[in-house]
Amino acid sequence: MNFAVTSKGDAKSNQLKAVITQYLEDFQLSYNKEEPDLVISVGGDGTFLEAFHTYNHRLEETAFIGVHTGHLGFYADWVPEEVEKLVIEIAKNPFQVVEYPLLEIKIHPKSGTHIDRFLALNECSVKTPEGSVVLDLSIKGEHFERFRGDGLCISTPSGSTAYNKALGGGIIHPSLESIQITEMASINNRVFRTIGSPLILPKHHVCELKPIHDDRSFLLTIDHITKQYTNVKTIECRVADEKIRFARFRSFPFWKRVHDSFVSGER
Ligand code: NAP
């Protein structure tokens, strides 16, 4: 089996990366940065997001695992003290795979035909560097509302504990193939009206965001990556056909991770 290890870049994570690499090579596994079957991310959830974006062109071949060197993460849920046990598990046992849904984002240009397509593990957010975002939101091809405010966040179930949660969105179990739309400071008064509640869309319910002001540019975040766009006709979001595959060597249920992260940290 080929493996790769990514690191947050701090001394502790780099050292752990070296230890994991050495252990796995001692078990005759091959380090292969280009075509790994297993990627071990060492750092935090932010490091894991970077690993996902590095290898998201080969999601069918690559499984992921996260070790945290700071606090418990949602993706980085192994502690450094468990690394020896983890390495033995990787070397000796075929791993189980657990799949989580992803968000597909397509940016359709106003002029030209090139469509940018991205996958997000956590979310995509749409903001503007100047003034309010004004856009028409449609769901399954039907106009839903005209949104005015700071922006919208469209998240995956596993991203529901990240930015989405800070915006008042609900926490969604990753076995539910869905996306969630949450508002950022919508303008609501006698003239302007939005739903005000997070919306949860099932698979195949596509949502489209159509900017109203032609001249404005947009800040699009896709997980930790920010891009500036002009010339946007629509931003299309849906549950992606692709999924992220996690290598599972022990049970650590999602609701336990939610509890330990937000209610009472025991790990
Ligand atoms: P960052 O601003 O340096 O860190 C954002 C925080 O979110 C980190 O503590 C990170 O955990 C945590 N996080 C990432 N994914 C998570 C998940 N699925 N569930 C719970 N917590 C999660 O940015 P970053 O490290 O590059 O991560 C980008 C992410 O930041 C975005 O995808 C977005 O979800 C999140 N974000 C959150 C807010 C907010 O909560 N107000 C605002 C903007 C962006 P680690 O410390 O383990 O890395």
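Predicted model: local features only at pLDDT ≥ 70, side-chain atom pairs only at ≥ 80, totals over all residues.
Student: What does the secondary structure of the chain come to?

Tutor: The chain has five helices and 16 strands. Its radius of gyration is 20 Å, close to the 18 Å from the globule rule for 267 residues, so the chain is as compact as a globular protein of that length.

Student: And what does the C-alpha trace span along its principal axes?

Tutor: About 65 × 45 × 35 Å.

Student: How much of the chain is buried?

Tutor: Buried residues are 37% of the 267.

Student: Of the contacts between residues at least 6 apart in sequence, what share join residues at least 24 apart?

Tutor: That share is 69%.

Student: Domains next. What does the assignment give?

Tutor: Domain 1 is 2-95 + 249-263, and domain 2 is 101-241. The contact takes nine residues from domain 1 and eleven residues from domain 2.

Student: Which elements supply at least two residues of the domain 1 side?

Tutor: Helices α2 and α5 (254-263) each do. The largest share of that side, five residues, comes from α2.

Student: How far apart are the domain centres?

Tutor: Taken over C-alpha atoms, the centres of domain 1 and domain 2 are separated by 30 Å.

Student: Now the largest nonpolar core. Which members touch the most others?

Tutor: Ile40 and Leu103, out of 56 residues in that core. Strand β16 (residues 232-248) gives the largest share, seven residues.

Student: Where does this core lie relative to the domains, and why?

Tutor: Domain 1 and domain 2 both give residues to the core, so it lies between them.

Student: What is Ile40 in contact with, leaving aside neighbours within four places in sequence?

Tutor: Ile40 is in contact with Phe3, Val5, Ile20, Ile65 and Val67.

Student: Back to α2. Which of its residues are buried?

Tutor: In α2 (residues 45-55), the buried ones are Asp45, Thr47, Phe48, Leu49, Ala51, Phe52 and Tyr55.

Student: What do the buried residues of α2 pack against?

Tutor: They pack against five strands named here in order: β1 (2-7), β3 (38-43), β4 (63-68), β5 (76-78) and β16.

Student: What does UniProt say about Asp45?

Tutor: The unreviewed UniProt entry annotates Asp45 as "active site". Asp45 is found in helix α2.

Student: Why does Asp45 count as buried?

Tutor: Asp45 has 26 C-beta neighbours inside 10 Å, and the cut-off for buried is 20 or more.

Student: Which residues does Asp45 touch, not counting those up to four places away?

Tutor: Asp45 touches Gly73, Phe74, Tyr75 and Ala76.

Student: How many residues surround the ligand?

Tutor: The ligand is surrounded by 18 residues, and the closest are Gly44, Gly46, Ala162, Ala166 and His224.

Student: Which gives the most?

Tutor: Helix α2, with three residues.

Student: Last one, Ser155. Where is it?

Tutor: Ser155 lies in strand β10 (residues 142-155). Ser155 is buried, with 30 other C-beta atoms within 10 Å.

Student: What does Ser155 touch, beyond residues up to four places away in sequence?

Tutor: Ser155 touches Asn122, Glu123, Ser160, Tyr163, Asn164, Gly169, Ile179 and Gln180.

Student: How far is Ser155 from Asp10?

Tutor: Ser155 and Asp10 are 145 residues apart in sequence and 29 Å apart in space, C-alpha to C-alpha.

Definitions and conventions. Residues numbered from 1 in each chain as written. Core = buried A, V, L, I, M, F, W, Y, C linked by C-beta atoms within 7 Å. Buried ≥ 20, exposed ≤ 12 C-beta atoms within 10 Å, placed from the backbone. Helix = DSSP H or I, 4+ residues; strand = E, 2+ residues; numbered from the N terminus. Domains from an automatic or database assignment. Contact = placed C-beta atoms within 7 Å. UniProt positions renumbered as here; feature names shortened; annotations may be inferred. Rg over C-alpha atoms; globule rule 2.2 N^0.38 Å. Near = placed C-beta within 6 Å.
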